[in-house]
Amino acid sequence: MNDKKNKILICIPHFGDKNRKYFLRCLEEYNRFKKYEVNCILLLTDKSIDVSVFPNIQFSVHFYDLGIKHNLALKHRELMAKEKGKFDYYLYMEDDILLTEEVFDFWITEQNSLPEGFACGVLRYEQKIGSSYKYLLDTHPAHSVHRGGFSIFKNDLFLKEKRYLEPYNIHQGCYMLTSDMFKKVLESDRKSTRLNSSHVSES
């Protein structure tokens, strides 16, 4: 019996402490993963975070000055590129995106069922405490202008007898790639081994 777990690398930038409770909640969720070996690269501006309270995660922590501001989100590129071939899955997540193991399992199933050349994304939603109403923040028609659109969805596709929707807004605050997909992203950048923003929807 093979008990070897697939390895995930998750990169998360966390600026200041504004999203601290959400950030810690996300780490708590990754710490609960049972089927995978979870490794996190954290990009931080605050040295007060105690990662030892998440014993099921292997951490690599990098600190930056507050003056880096929005550029903190770009720093994951070279760090992740150095890890090519070492993991089964490569994830970039903003610090307030909660990903459960169940959703990740579902993403793997869907990604594996897609034809080569297609990448399965996610549709984020937000909820207010005490409310069951879900806000689909990525589907506002105003986002479509970045790709020359005027509505919510750009394409309605049927692939292998399944229906998929492509939104005009491809900014998801995250990306999830298999090892093979990650290698193709790196190889498609002719200039260096960095992740190229023209091929990845985030940062």
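The following dialogue explains how to read several features of a predicted model.

Me: How many disulfides does the structure hold?

Reply: A disulfide is a pair of cysteine sulfur atoms within 2.5 Å. The structure holds zero of them. For Cys26, the closest cysteine sulfur is in Cys40, 9.9 Å away, which is too far for a bond. Cys120 is likewise in no disulfide, since the nearest cysteine sulfur, that of Cys174, lies 11 Å away.

Me: Is Cys26 buried or exposed?

Reply: Buried means under 20% relative accessible area, exposed over 50%, and partly exposed in between, with a 1.4 Å probe and protein chains only. Cys26 is buried, at a relative accessible area of 5%. Cys120, at 18%, also counts as buried.

Me: Which residues of strand S4 lie on each side of the strand?

Reply: In a regular strand the side chains alternate between the two faces of the sheet. Strands (E, at least two residues) and helices (H or I, at least four) are DSSP runs, numbered from the N terminus. In S4, Tyr89, Leu91 and Met93 lie on one side and Tyr90 and Tyr92 on the other, and all are buried. Because five of the five residues of S4 (residues 89-93) are buried, the strand is largely enclosed by the rest of the structure.

Me: Which strands pair with S4?

Reply: Two strands pair if DSSP finds at least two bridges between them. Strand S1 (residues 6-14) runs parallel to S4 and is joined to it by four bridges; Leu9 has Tyr90 as its bridge partner there. With strand S9 (residues 174-178), S4 pairs in the antiparallel sense over five bridges, and the partner of Tyr89 is Thr178.

Me: Which residues of helix H1 are buried?

Reply: An α-helix has 3.6 residues a turn, so residues three or four places apart point the same way. In H1 (residues 20-30), the buried residues are Arg20, Phe23, Cys26, Leu27, Glu29 and Tyr30. Their cover includes S1, strand S2 (36-44), strand S3 (57-63) and S4.

Me: What does Leu123 touch?

Reply: Contact means heavy atoms within 4.5 Å. Leu123 touches Leu136, Asp138 and Thr139, not counting residues up to four places away in sequence. Leu123 and Leu136 are 13 residues apart in sequence and 7.4 Å apart in space, C-alpha to C-alpha. The place of Leu123 is in the loop between helix H3 (101-113) and strand S5 (126-127), and Leu123 is partly exposed, with a relative accessible area of 45%.

Me: Where do residues other than glycine have a positive phi?

Reply: Most residues other than glycine have a negative phi, and most peptide bonds are trans. Lys69 has a positive phi near 50°; it lies in the loop between S3 and helix H2 (76-81) and is exposed at 57% relative accessibility. Glu161 has a positive phi near 65°. Glu161 is in the loop between S7 and S8, and counts as exposed at 82%. Lys160 takes a positive phi near 50° in the hairpin of S7 and S8, which has two residues between the strands. Six bridges join S7 (residues 153-159) to S8 (residues 162-167), in the antiparallel sense.

Definitions and conventions: Residues are numbered from 1 along each chain as its sequence is written. This is a predicted model: local features need pLDDT of at least 70, side-chain atom pairs count only at pLDDT 80 or more; totals for chains, interfaces and linings use all residues. Side-chain values use heavy atoms; hydrogens and water are left out.
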